[in-house]
Amino acid sequence: MSVLLGVDIGTSGTKTIAIDPTGKLLGQASASYPCHHPKPLWSEQDPADWRDATFKTIRAVVKKAKLKPADVRAIGLSGQMHGSVFLDKSDEVIRPALLWNDQRTAAECDEIESRAGGRKKLIKMVANPALTGFQAPKILWLRNNEPRNFARLKQVLLPKDYVRLQLTGESATEVSDASGTLLLDVVKRKWSKPLLTKLDLDPALLPKCYESEEATGTLLPAVAKKLGLSTDCIVVGGAGDCAAGAVGNGVVQRGVVNSSLGTSGVVFCHSDTPEYDPDGRLHTFCHAVHGKWHMMGVTLSAAGSLQWFADELCHGPGGKPVPFDKLVEEAAATPAGADGLFFLPYLAGERTPHADPLARGAFVGLTQSHNRGHLVRAVLEGVTYSLRDCLDIMTGLGVSAKEVRATGGGAKSEFWRQLQADMFGARVAAMAADEGPAFGVALLAAVGAGEYSSIAEACSATVATTSTCKPALKQRRFYDRGVEVYRSLYRSLKDDYRAIADLNA
């Protein structure tokens with residue numbers, strides 16, 4: 001039996017799946033863990049939680065699928081991007097990891113652009129501007145704010161690559177996730193020595209960088225025994241969660257776009273060449289497909305906005321949050337535009353297109369006639385407007401979006417998929433197997449194990465869509481007007497966001 005495992009180390013939990021080479025799901029398991037916010041705009045996790053969740057879910061999948069040690073040929077790793085795991089010379093964690101949605105590094109972003117000679121020169125070196133979520137400013141933050149910890153620093157790993165270290169004993173990463181460090185020469189697909197020099201950072205801090213389907217090591221004997229697997233099981237490079245999700249949805253060619261509604265929201269398109277937005281509003285990263293690239297826009301609080309609303313403001317009997325299905329049902333019963341109510345989904349600042357860590361969430365237009373259904377619809381529309389911001393930049397750069405493949409927890413809602421179709425003016429398809437990034441890296445593991453000759457071949461054999469939502473002309477016209485109001489609200493509030501931050505500094 002030939003089995004491939006895909007492990008996705010996310011922000012709220014880790015998910016592991018087992019598939020056969022045809023893509024058939026043989027078993028899955030999940031484990032959750034907390035996220036800590038010791039100060040406003042800070043976001044941290046304990047890397048040991050990722051390791052423990054990975055081991056727990058792999059053991060659970062092996063048991064559920066009744067797998068023998070020799071059955072599992074390869075493991076693919078995906079994970080939340082940009083996080084920083086700081087390790088000492090003994091590979092012990094120095095402090096809690098700083099996550100992708102941590103916003104403490106605005107000063108370090110300015111420092112990076114200054115040392116690089118300005119934003120335009122930085123983009124030419126690494127294809128992206130300095131953003132607070134990226135790994136490089138986190139390293140500088142450690143140097144600037146915790147010098148004793150920085151003096152102990154011997155290695156910096158991304159979240160999934162810390163788990164790789166625990167599985168294989170190897171320090172390694174791969175090009176798609178490394179692109180989000182701001183330290184990779186995205187065009188040449190290798191670490192940027194010029195930028196590292198300008199930042200006075202030792203290249204030895206960074207691990208060896210592979211392509212996504214390449215084998216990076218095999219399981220350590222003690223780990224293999226603990227997991228019920230063989231030491232012959234390889235661990236491939238894998239991918240950052242966005243690129244992994246794109247592979248799992250067959251977004252490996254031009255014309256197909258992926259819209260992901262998880263904690264964050266991502267609009268992702270494939271590129272055969274390293275194209276980038278000269279204004280730095282989009283990310284240009286290496287794709288998990290060998291020798292290819294991608295552009296993506298990110299909104300930091302997508303389904304996370306609805307989760308926040310449900311957790312904090314919607315409680316039923318016994319104090320339990322009202323189920324998402326009930327909230328979406330109420331939203332669907334209200335008219336487009338929520339009777340003049342808008343929601344700005346900037347609960348954790350915003351990345352695309354504003355790159356503004358000081359942006360804040362807001363309901364605008366509230367009246368006494370609005371009820372909970374209006375509020376929920378405004379949240380869903382606000383998040384979808386933010387995704388349209390991303391898509392419109394891409395199409396303005398010549399990207400074709402004939403079909404949008406919707407994924408993530410939010411995409412399970414037919415109403416939210418239809419809302420995307422109406423707002424994007426494009427067909428929005430649901431996926432036959434929406435197992436997220438875990439499925440994508442399981443396919444990368446299949447290629448690494450020799451089951452397929454290429455990632456495109458693996459996707460062609462295993463990825464399929466089901467139902468498709470087509471845009472309704474009347475709704476499309478309404479949202480074409482509404483998006484301009486939505487965009488004007490940020491412009492009106494931008495200076496106020498800074499004043500609020502200064503007031504509470």
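**Note on helix packing, cores and cysteines in a predicted model**

1. Helix α13 (residues 372-396) packs with α14 at an angle of about 45°, and their axes lie 10 Å apart; axes here are lines fitted to C-alpha atoms, for helices over the stretch in contact, with angles running from 0 to 180 degrees between N-to-C directions. α13 and α14 are therefore oblique to each other, given that angles under 35 degrees count as roughly parallel, over 145 as roughly antiparallel, 65 to 115 as roughly perpendicular and the rest as oblique. On the α13 side the contact involves residues including Arg 377, Leu 380, Tyr 385 and Leu 391, and on the α14 side residues including Phe 415, Trp 416, Leu 419 and Phe 424, where contact means heavy atoms within 4.5 Å.

2. A word on the basis of these values: this is a predicted model, in which local features need pLDDT of at least 70 and side-chain atom pairs count only at pLDDT 80 or more, while totals for chains, interfaces and linings use all residues. Residues are numbered from 1 along each chain as its sequence is written, and side-chain values use heavy atoms, with hydrogens and water left out. Helices (H or I, at least four residues) and strands (E, at least two) are DSSP runs, numbered from the N terminus.

3. Helix α14 (residues 414-424) has eight of its eleven residues buried, so it is largely enclosed by the rest of the structure; buried means under 20% relative accessible area, exposed over 50%, and partly exposed in between, with a 1.4 Å probe and protein chains only. Among the buried residues of α14 are Arg 417, Gln 420 and Asp 422, together with Trp 416 and Phe 424. After α14 comes Gly 425, which has a positive phi, near 70°.

4. Helix α4 (residues 135-145) is likewise largely enclosed by the rest of the structure, because nine of its eleven residues are buried. Lys 138, Trp 141 and Arg 143 are among those buried residues, and the packing partners of the buried set are β6 (85-87), β7 (97-98), α2 (106-116), α5 (147-152) and β8 (155-157).

5. The largest nonpolar core has 113 residues, of which Leu 5, Trp 50, Ile 75, Leu 183, Leu 219 and Leu 229 touch the most other members; such a core is a set of buried Ala, Val, Leu, Ile, Met, Phe, Trp, Tyr and Cys residues joined through side-chain atoms within 4.5 Å. Helix α15 (residues 437-448) gives the most to this core, contributing nine residues. A second, separate core of 53 residues includes Ala 359, Ile 393, Phe 424 and Tyr 490.

6. Two single residues deserve a look. Ala 438 has its place in helix α15 and, at 1% relative accessibility, counts as buried; apart from neighbours within four places in sequence, Ala 438 is in contact with Gly 6, Asp 8, Lys 15 and Ile 17. Leu 227, found in helix α9 (residues 221-227), counts as buried at 2% relative accessibility. The C-alpha atoms of Leu 227 and Thr 54 are separated by 9.8 Å, although these residues are 173 residues apart along the chain.

7. How many disulfides does the model hold? The count comes to zero, a disulfide being a pair of cysteine sulfur atoms within 2.5 Å. For Cys 209, the nearest cysteine sulfur is that of Cys 286, 7.5 Å away, and Cys 209 counts as partly exposed at 22% relative accessibility. For Cys 242, the nearest cysteine sulfur belongs to Cys 390, 11 Å away, and Cys 242 is buried, with a relative accessible area of 14%.
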